[in-house]
Amino acid sequence: MRHVSRALAAICIGLLITPLAACGSDSGGSGESGAIKIGVPVPLTGDSASAGQDILAAARVAADEVNAAGGVNGRKIEIIEADDACSAQQGAQAAQKLLNSGAVAIAGGYCSGAAVPALPIYGRRSVPFVLDASTNPVLTDTGDGKVFRTCGRDDKQGLFAAKFMTDQLKAKRVAVLHDNTTYAKGLAEAAANSIKQAGAAEVVYLDALQPGQSDYTPVLTKIASTTPDVAYYTGYFAEAGLLLKQRAQLGLKFPLVGGDATTDATVLKTAGTAADGYIATTAPLPKDLPTASSFVTSYKSKTGADPGPFSVYEYDAVKVLAKAIGDAKSTDGAEVTKALHAIKDFAGVTGKISFDQKGDREGLLYITVTVKNGEFTGYKKLDDAGTQWVDVKPA
Amino acid sequence: MLRDLSTRYGGWLLMILITAATGLFLDDYALTVAASTLIYAILGLGINVVVGYAGLLDLGFAAFYAIGAYVSGLLILKLQWDFWLTLPAAIAAAAVAGVVIGYPTLRLRSDYLAIVTLGFGEIIRITVINLEVTGGPNGLTGIPPVSIGGNEIVTPQDFFYLVLVFFVVVLAVTGLLARTRLAFAWRAIKDDDRAAEAIGVPTRRAKLLAYVIGAAVGAVSGPLSGAQLGTVDPSNFTFLTSLFVLLVVIIGGMGSRPGVMVGAVIVVALPEALRSAGDYRGLAFALLLIFIVIIRPQGLWPARRRPLRVPAETTPSEDVEQMRAGRLDVDELSRSFGGVTAVRDFHLTLDAGEVVSVIGPNGAGKTTAFNCVTGVIEPSRGTITLNGNSLRGLAPHRVAAAGLTRTFQNIRLFDDMTVAENVLVGRFAHNRTMFRPPSHADLDTVRRALDFVGLADAADRGASELSYGDRRRLEIARALAGEPRVILLDEPAAGANPTEKHELMRLIGRIRALGIAVALIEHDVSLVMSVSDRVIVLEYGQTIAVGEPAEIQRDPRVIAAYLGMPEDPEPDLVAEVVR
């Protein structure tokens with residue numbers, strides 16, 4: 001009887017797998033008729049789900065606008081989403097799911113870890129992937145020219161931060177602190193390397209703190225002992241708030257500059273008045289972008305909420321893909337990729353968009369913000385020529 | 001033979017064929033999920049060895065997954081090794097890690113062990129995040145696909161079949177493992193590791209092997225995951241991963257290989273199928289898990305074991321009939337706990353075919369003396385020799401192997417095992433071989449031992465189902481299966497009715513007739529006096545009398561201390577207190 005029950009189990013397992021097959025294989029309109037499907041892989045479950053929802057909503061706003069204006073090549077655009085849950089395993093599964101559903105191009109992503117295993121899967125089918133939020137340099141470096149971003153990349157933020165600290169803050173001695181996460185370490189190393197290459201200043205400290213603790217005075221004391229003119233912290237907001245507060249308690253005078261993961265209201269709540277004058281490098285938020293005002297209005301009217309930090313980049317990613325598909329007059333991956341590379345100064349809400357050979361966005365689109373009257377407000381950015389520091393004007 | 005094979009393995013074969021056939025109809029997405037499910041199933045088979053078979057709770061199993069993935073990935077990327085060459089390296093590295101974590105922690109009780117393994121898992125993860133060579137938090141990227149004879153395995157379908165082949169191999173290996181003597185040792189350890197040790201199972205070695213084998217099996221999934229994703233991401237090896245792997249075994253059924261398959265499907269594929277529930281997916285999954293655990297606490301497919309094939313008749317063999325003769329000498333044995341001397345200058349000589357009883361009131365030090373002799377506790381002083389070879393300082397299983405086995409005052413059987421299996425574990429005192437199925441000699445002896453105590457009919461019943469008297473007799477059979485020279489019986493008649501006592505007396509007589517020396521702790525004076533050649537009387541750790549039963553019965557000190565004075569002052573005292 002045992003083998004009979006085993007066979008039954010095998011059938012049960014088969015039955016469990018079948019719904020997977022069923023829900024994945026509705027790959028109708030991937031051909032040359034029907035809606036053009038653009039895949040959006042984002043975390044829809046887990047800690048980063050809210051960011052994923054925000055990105056997805058922005059993609060839908062962009063698609064609606066394109067469709068209202070007549071679509072692309074006479075066809076509508078349809079956004080299809082897949083949950084990558086911010087994990088490598090689920091990222092690969094989400095990629096397969098989107099391809100099965102007939103996605104001809106991908107715009108989205110939030111966690112680099114989920115994007116990395118997905119890239120070769122899209123790459124083998126020559127499906128272009130425009131990243132809206134993943135700033136890890138490795139993604140376009142290994143992307144074979146088929147991966148693009150409307151966001152910046154960490155080493156460019158590092159370069160920007162280095163320029164800001166040495167040009168604008170006139171620092172000669174810079175301490176760099178990260179938290180050993182993928183993003184923070186990459187950014188810290190990029191900043192440190194840029195400072196070393198420019199030769200104008202010295203990196204006196206480069207190390208990680210252990211995130212999730214409550215007392216960072218030993219780290220701060222250690223940094224103070226290297227007598228820096230400025231310290232750059234590339235980790236996340238929770239630790240940034242504590243660092244600011246404890247720096248004030250210790251009476252340390254060196255200014256603390258943060259990376260773009262620190263521009264969160266939590267910093268202000270944790271640090272209180274100790275956050276005044278705190279500066280962070282960041283990609284511009286919707287409110288820092290005068291060109292984004294109409295997007296913000298339509299996003300609000302559609303969702304009833306304010307657009308999140310990556311919404312504008314996702315909006316531009318979908319828009320730029322629609323433009324490329326229109327230019328290519330085809331949904332063939334290789335043609336669309338070629339068209340994406342050919343795009344010059346496309347007017348996105350985040351500024352003018354052109355891609356370099358790797359697929360990275362040209363120019364330094366970062367700005368600095370500072371804490372004034374208990375909130376982050378635009379501070380300095382480089383002008384269009386990339387030489388002069390000018391004030392950031394609110395939208 | 002063919003028919004036999006098909007009934008034994010037909011179910012598995014059918015299951016594998018159906019899974020393989022399903023692969024032809026699934027699309028790329030479902031195949032990717034199915035491959036991930038199989039990778040988890042391999043991890044599940046690994047942790048099943050540690051937790052399911054040996055009962056060692058491991059909360060950091062993802063560490064071995066990580067070690068497999070990183071070792072393989074690094075060898076491929078840095079030294080340009082081929083995937084297939086990195087496999088043995090990854091398995092070996094995980095096995096070494098299994099020793100590193102296993103060796104120092106084996107003395108710990110299971111709950112502490114769980115905490116240590118949890119820490120180990122985190123140490124591995126934090127180490128790879130901080131090392132330059134492992135790519136830090138970025139992990140390893142750009143791992144090429146597996147190639148077989150120049151063909152790269154890139155499509156999800158090909159990869160699914162590759163993983164399926166791996167899974168089948170691992171399934172077969174763990175299946176073979178489940179039939180070895182080692183598997184019986186693990187089950188005994190899971191039930192009661194001290195009893196297992198005392199009757200001859202080298203428990204430390206068996207536990208260490210569980211870690212090493214479990215780690216090696218689990219490590220196979222690492223290189224596969226690296227090949228599937230083209231990347232090794234440290235966020236794949238968190239505490240949560242360890243929990244999910246553990247969940248595979250809990251949901252499926254501890255120690256059950258088909259259960260692991262079911263568990264992997266539930267843990268990996270079910271959340272995918274629940275995606276349509278959107279935001280409520282996590283909730284639905286959690287509720288379903290709770291539901292499963294309530295409905296089937298033993299797992300969806302609990303382990304069902306084939307009964308041990310005990311031969312219907314024993315083949316006569318001379319060397320077993322002629323039990324090994326032995327002489328036990330215990331001299332000046334003392335043991336103190338702090339300031340209290342539990343046993344002082346205990347003396348015992350016991351020749352082949354003799355029965356010596358140790359009597360005395362509760363707390364007189366009888367069991368302490370036994371525990372010193374069997375290596376359970378270290379004596380403070382004294383010598384213990386069997387046929388002239390010192391037993392002092394030996395681990396209990398070595399004492400058992402030297403020819404001295406025992407029973408326990410409070411019966412310590414392996415309740416999750418059958419009667420025959422209990423006796424089989426007793427064979428470890430005779431033969432410590434682990435990596436082969438129980439031999440004919442083993443099964444023959446099991447049969448003989450069961451016949452000897454009259455439990456042959458109950459061979460396939462669970463040990464816990466037996467009556468009290470039968471449980472006592474089973475313990476004796478288990479001790480006899482190790483073919484001992486000396487057997488120590490600790491209060492075998494406790495709680496027995498007069499008929500059972502009478503049978504026990506006869507049984508002890510027959511054991512003695514085999515040429516085995518019997519040492520007996522007993523309270524039942526009539527039993528002691530009728531079977532013993534000599535009696536030793538203990539009081540407060542001191543030996544107050546030694547001699548033949550008739551002498552002892554007349555000894556005034558013994559009467560005062562133990563047998564009871566004609567005018568016992570105690571009842572008066574009690575009466576006074578009560579009043």
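**View 1. Strands β3 and β4 of chain A, side by side.** Strand β3 (residues 105-108) of chain A runs parallel to strand β4 (residues 129-131) of chain A, and three bridges join them. Helices and strands here are DSSP runs, numbered from the N terminus: H or I of at least four residues for helices, E of at least two for strands. Ile106(A) has Phe129(A) as its bridge partner in β4(A). This is a predicted model, where local features need pLDDT of at least 70, side-chain atom pairs count only at pLDDT 80 or more, and totals for chains, interfaces and linings use all residues. Residues are numbered from 1 along each chain as its sequence is written, with chains lettered from A and ligands numbered from 1 in the order in which they are written.

**View 2. The open sheet of chain A.** The five strands line up as β2-β1-β3-β4-β5 (chain A), with parallel pairing; two strands pair if DSSP finds at least two bridges between them. At the edges sit β2 (77-83) and β5 (147-149) of chain A, each pairing on one side only. From one strand to the next, the twist averages 25°.

**View 3. A helix lying on that sheet.** Helix α3 (residues 88-100) of chain A lies across β1 (36-42), β2 and β3 of chain A, and runs at about 150° to β2(A). Axes are lines fitted to C-alpha atoms, for helices over the stretch in contact, and angles run from 0 to 180 degrees between N-to-C directions. Contact between two residues means C-beta atoms, placed from the backbone, within 7 Å.

**View 4. The largest nonpolar core.** Ile67(B), Ala94(B), Ala185(B) and Ala210(B) touch the most other members of this 183-residue core. Such a core is a set of buried Ala, Val, Leu, Ile, Met, Phe, Trp, Tyr and Cys residues joined through C-beta atoms within 7 Å. Buried means 20 or more other C-beta atoms within 10 Å of a residue's own, exposed 12 or fewer, and partly exposed in between, with C-beta atoms placed from the backbone. Beyond its neighbours within four places in sequence, Ala185(B) is in contact with residues including Ala196(B), Val425(B) and Phe428(B).

**View 5. Pro88(B) on its helix.** Pro88(B) lies in helix α4 (residues 83-105) of chain B. Pro88(B) counts as exposed because it has 11 C-beta neighbours inside 10 Å. Gly68(B) is 20 residues away along the chain, and its C-alpha atom is 9.6 Å from that of Pro88(B).
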